[in-house]
Amino acid sequence: MAEIKIENLKKTFRNGVEAVKDFSLEVADGEFIVIVGPSGCGKSTTLRMIAGLEKATSGRILLGGRDLTGVDTKDRDIAMVFQNYALYENMTVFGNIAFPLKVRKESKEEIEEKVAKIAQVLKIDSLLQRRPKTLSGGEKQRVAMGRALVRQPKLFLMDEPLSNLDARLRLELRDEIRRIQKKLGATTIYVTHDQLEAMTMADRVVVMNKGMIQQAASPEEIYQRPANPFVAKFFGSLPMNIWKAGRKIYGIRPEEVVFSQEFKEGWHEARVLEQHFSGNSWMAATEAGDERVLLCSDRRIESMTVWLCFPPESVHIWEDDL
Amino acid sequence: MLSKKRPVLFIAISLIGTGIFLLIPYVYVFIASFVKRGTGGFAGFDNYREVLSNEAFMTAMSNTARFIVVCVPLMLVLSLLISIYIYENPRLGKMLKTGFLVPMAIPVTSAVLMWRFLFDDKGIINGILESLGADTVNWMNTGWAFWILVLSYIWKNLGYSIILWLAALSSVNPSINEAAKTDGASSFQRLIHVTLPAAKNGAFVIIVLSVLSSFKVFREAYLVAGEYPDQSIYLVQHIFNNWFRNLEMDKIAAGSVISSVILIMLILLLQRFWEKGGEER
């Protein structure tokens, strides 16, 4: 395993699209980084440049101190897991996991031993003689991970590995990826568009939008101190309430809006527009003056009018320089 | 009820065509191969015995077989290498692709005329040899004829095979190749272990089509060298042509059945091999 240093990475495609404008990041040895952002934000392109599958227009990537510029993918000593698993259909599960060792001409005994070990960690030891087309999506993704983990590369890249799985399986594998990553101490860069996945898995979250890093920080910090309205809106199960006043932008999370069904001096009067039940709470859309305000309530709001209070310690303030 | 009939209706037209022009004649030929010429009585295996002991027929069969054995692998490897190059260099490849496709658009007769200009006793190549002071070669009436036929077959059909290979290659999920790259496989290892196995079904079609099209090279052989060409390019169709002229329908029938059975067996064998082979542990 190794640390990775990315300096001013840029990618402009031949058709003039600037996919990645300026990407700099240092990842510590053993760290789990999640790059997250909406589709088209440049996160996958960044990952592919690190893998060497896409040539960077400019910038440098240093892996364990070694400059990867001009180094072929196969010589980078990285492993990658793909969204669509990318398993070799003509080989068994064993053959798939053994492939990276085979092409390195490792001995038969060594291959058997390593594959058996990683299969045990991933709980796929009973599947080794099966062929990929007989496996379920979750099993396939485990095999793909086994193939990536078996040779302990310097860096582990994952491109939306859970996106093709159903919600339950996603939850299960999320924890498992973290467990295995910690166990092996694998430096990992993980790309997803799912903010919840990013929050729950990452040591550090890198939020991207329009080819630029918006913020790189721990999940707690991203949630509590978002660097700008984009980050604030992107995280949280409900989008943050955001409004402009003068040269400033204000934001407050729906769950932090305090409300009363009776009149309170100095609070903002708001009309209740609609309400949705979401399992453990109610989400209400209200209108205070011209602004729509979302809020959370533990029970259904009976009155048509509520009075809102925004506790100053919960309000985020940014300069309007966008 | 209509839903069950519908698929049948869709294929009905081509099924009728195939039936009238292929299946029924084949059944007729099969029956005819057991019938005595002239008398119309049952001949048993007499026709087959006669055909199999016919030296010309055996020469024609072995020439055809030799032609397939030489041409098909050569064609497959050559077209595969070129299509891989085109696949990995799409910009330059586009021009190349057009270049390889041109021979397909040239009518056989024009192509043959070109071959004649080149390989005639007083043709261009002999002219060049002469001007260099070398001995001229009797291209079309010696063993060279076979290799000229191979060359003309490859030249004419290469583009088609390349297109088929390109289709097979582009059906391979690109991320499988990328996965192999990150797994540390060299481009040769990727080709052998990943790309070709994934393109396996396409390859089967290409082999079968190449075998079938190599059967059709008679046109070139006939047009270049006429009815009685050099022994090395005396093909199955030459002998059928001669039998046809003499109205020896019994022999034609028996010969057709033999060659079609060999061809069908060859394809079935290939298919068996294909289903079993190509899988790694």
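View 1. A:E31 counts as buried, at 13% relative accessibility. Buried means under 20% relative accessible area, exposed means over 50%, and partly exposed lies in between (1.4 Å probe, protein chains only). This is a predicted model, in which local features need pLDDT of at least 70, side-chain atom pairs count only at pLDDT 80 or more, and totals for chains, interfaces and linings use all residues. Residues are numbered from 1 along each chain as its sequence is written, chains are lettered from A and ligands numbered from 1 in the order in which they are written, and side-chain values use heavy atoms, with hydrogens and water left out.

Which residue pairs with A:E31 in a salt bridge? The partner is A:R204, with N and O 2.7 Å apart. A:E31 sits in the loop between strand 2 (18–27) and strand 3 (32–36) of chain A, while A:R204 belongs to strand 9 (residues 204–209) of chain A, so the pair ties together parts that are 173 residues apart in sequence. A salt bridge here is a side-chain nitrogen of Lys or Arg within 4 Å of a carboxyl oxygen of Asp or Glu. Helices (H or I, at least four residues) and strands (E, at least two) are DSSP runs, numbered from the N terminus. Side chains of opposite charge can pair when their charged atoms come close. The structure holds 24 salt bridges over all chains.

**View 2. A network of salt bridges in chain A.** Four residues are linked here by salt bridges: A:K5, A:E7, A:R60 and A:D67. Look at A:R60 and A:D67. Their closest N and O atoms are 3.8 Å apart. A:R60 counts as partly exposed because its relative accessibility is 35%. A:D67 is partly exposed too, at 31%.

**View 3. A bridge between two strands of chain A.** A:E319 and A:K248 form a salt bridge, and their closest N and O atoms are 2.6 Å apart. A:E319 is in strand 18 (residues 316–319) of chain A and A:K248 is in strand 12 (residues 248–252) of chain A, so this pair ties together parts that are 71 residues apart in sequence. Is A:K248 buried, partly exposed or exposed? Its relative accessible area is 29%, so A:K248 is partly exposed.

View 4. Chain A is assigned domain 1 (4–229) and domain 2 (238–319). Such bounds come from an automatic or database domain assignment. The C-alpha centres of domain 1 of chain A and domain 2 of chain A lie 39 Å apart. Each domain brings seven residues to the contact. Contact means heavy atoms within 4.5 Å.

The two domains bury about 540 Å² between them, and carbon and sulfur atoms give 59% of that area. Three residues, A:Y223, A:P226 and A:P229, supply 83% of the area that domain 1 of chain A buries against domain 2 of chain A, more than any other three residues. Buried area is the accessible area (1.4 Å probe) that two parts lose on being put together, summed over both.

How many salt bridges lie between domain 1 and domain 2 of chain A? The count is zero. There are four residue pairs in polar contact between these domains (both at pLDDT 80 or more). Helix 7 (residues 219–224) of chain A gives the most to the domain 1 side, with three residues. By class, that side has five nonpolar, two polar and no charged residues. Ala, Val, Leu, Ile, Met, Phe, Trp, Tyr, Cys and Pro count as nonpolar, Asp, Glu, Lys and Arg as charged, and the others, Gly among them, as polar. A polar contact is a pair of N or O atoms within 3.5 Å; within protein, one must be able to donate a hydrogen and the other to accept it, and residues adjacent in sequence count only if both atoms are side-chain atoms.

**View 5. Chain B meets chain A.** Here 21 residues of chain B are in contact with 29 residues of chain A. The chains bury about 2200 Å² between them, 51% of it on carbon and sulfur atoms. Two salt bridges cross the interface. One joins B:E178 to A:R48, with the closest N and O atoms 2.7 Å apart.

Two elements give two or more residues to the chain B side: helix 8 (174–182) and helix 9 (187–198) of chain B. Helix 8 of chain B has the largest share, seven residues. By class, the chain B side divides into six nonpolar, eight polar and seven charged residues.
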